[in-house]
Amino acid sequence: MSKISDPQPDNRYDLRILSSLRRIIREVELYSKKLSSQFSITGPQLVCLLAIGGHEKVTASTIAREIHLSPSTVVGVLDRLEDKSLIARSR
């Protein structure tokens, strides 16, 4: 039976990638908490507002494509933004 040697920690790209992703996720969580406490909006709400700001008129499906979320998720986010009087929608 052959012995499999452990790769050196420097060569463990998979662990380095996972560690980096975890740090990114943690920073996103912290930023979302800051947004929520200071401005009463969430990260997805901010992303939607930024996408809307780039257009005079825009549909929910266009926003969904631009920010890589499902249209149904965007509609829910837009509902909450409208409840907060941050956007106005019309058919």
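Trainee: Let's start with the overall fold. How many helices and strands does the protein have?

Mentor: Happy to begin there, keeping in mind that this is a predicted model. Read along the sequence, the pattern is α-α-α-α. The secondary structure therefore comes to 4 helices and 0 strands.

Trainee: What share of the residues in the protein is buried?
Mentor: A residue counts as buried when its relative accessible area is under 20%. The protein has 91 residues, and the buried ones make up 16%.

Trainee: Among contacts between residues at least 6 apart in sequence, what share joins residues at least 24 apart?
Mentor: Take the contacts in the protein whose partners are at least 6 apart in sequence. Those joining residues at least 24 apart come to 31%.

Trainee: Now the helix pairs. How are H3 and H4 oriented to each other?
Mentor: Good one to look at on screen. Helix H3 covers residues 60-67 and helix H4 covers residues 71-83, and their axes are 9 Å apart at an angle of about 110 degrees. Angles of 65 to 115 degrees count as roughly perpendicular. H3 and H4 are therefore roughly perpendicular.

Trainee: In which hand does H3 pass H4, and which residues make the contact?
Mentor: The crossing of H3 past H4 is right-handed. On the H3 side the contact is made by Ala60, Ile63, Ala64 and Ile67, and on the H4 side by Pro71, Val74, Val75 and Leu78.

Trainee: How does the contact of H3 with H4 divide by class?
Mentor: Residues such as Ala, Val, Leu, Ile and Pro count as nonpolar. The contact of H3 with H4 has no polar and no charged residues, and its nonpolar residues number 8.

Trainee: What about H2 and H3: how do they lie to each other?
Mentor: The axes of H2 and H3 come within 10 Å and cross at roughly 110 degrees. That angle makes H2, relative to H3, roughly perpendicular.

Trainee: Which residues of H2 and H3 make that contact, and what are their classes?
Mentor: H2 passes H3 in a right-handed crossing. Val47, Cys48, Ala51 and Ile52 of H2 meet Ile63, Glu66 and Ile67 of H3. By class these are 6 nonpolar, no polar and 1 charged.

Trainee: Is alanine 51 buried or exposed?
Mentor: Alanine 51 lies in helix H2, residues 43-53. Its relative accessibility is 10%, and the cut-off for burial is under 20%. Alanine 51 therefore counts as buried.

Trainee: How do H2 and H4 cross, and what classes of residue are in their contact?
Mentor: The axes of H2 and H4 come within 10 Å and cross at roughly 90 degrees, which makes H2 roughly perpendicular to H4. In H2, Pro44, Gln45, Cys48, Leu49 and Ile52 meet Val74, Val77, Leu78, Arg80 and Leu81 in H4. The classes in this contact are 8 nonpolar, 1 polar and 1 charged.

Trainee: Which residues does leucine 49 contact, leaving aside its neighbours within four places in sequence?
Mentor: Leucine 49 lies in helix H2 and is partly exposed, with a relative accessible area of 24%. Its partners, with those neighbours left aside, are Ile41, Leu81, Leu86 and Ile87.

Trainee: Where is serine 40 found, and what is its phi?
Mentor: Serine 40 is in the loop between helix H1 (13-39) and H2, and it is partly exposed, with a relative accessible area of 46%. Although serine 40 is not a glycine, its phi is positive, at about 60 degrees.

Trainee: Last one: is serine 85 buried or exposed?
Mentor: Serine 85 sits in the segment after H4, and it has a positive phi of about 60 degrees although it is not a glycine. Its relative accessibility is 63%, and the cut-off is over 50%, so serine 85 counts as exposed.

Notes: Residues numbered from 1 in each chain as written. Predicted model: local features only at pLDDT ≥ 70, side-chain atom pairs only at ≥ 80, totals over all residues. Heavy atoms only, no water. Helix = DSSP H or I, 4+ residues; strand = E, 2+ residues; numbered from the N terminus. Buried < 20%, exposed > 50% of the residue type's maximum accessible area, 1.4 Å probe, protein only. Contact = heavy atoms within 4.5 Å. Axes fitted to C-alpha atoms, helices over the stretch in contact; angles between N-to-C directions. Parallel < 35°, antiparallel > 145°, perpendicular 65-115°, else oblique. Left-handed = near helix turned anticlockwise from the far one by under 90°.
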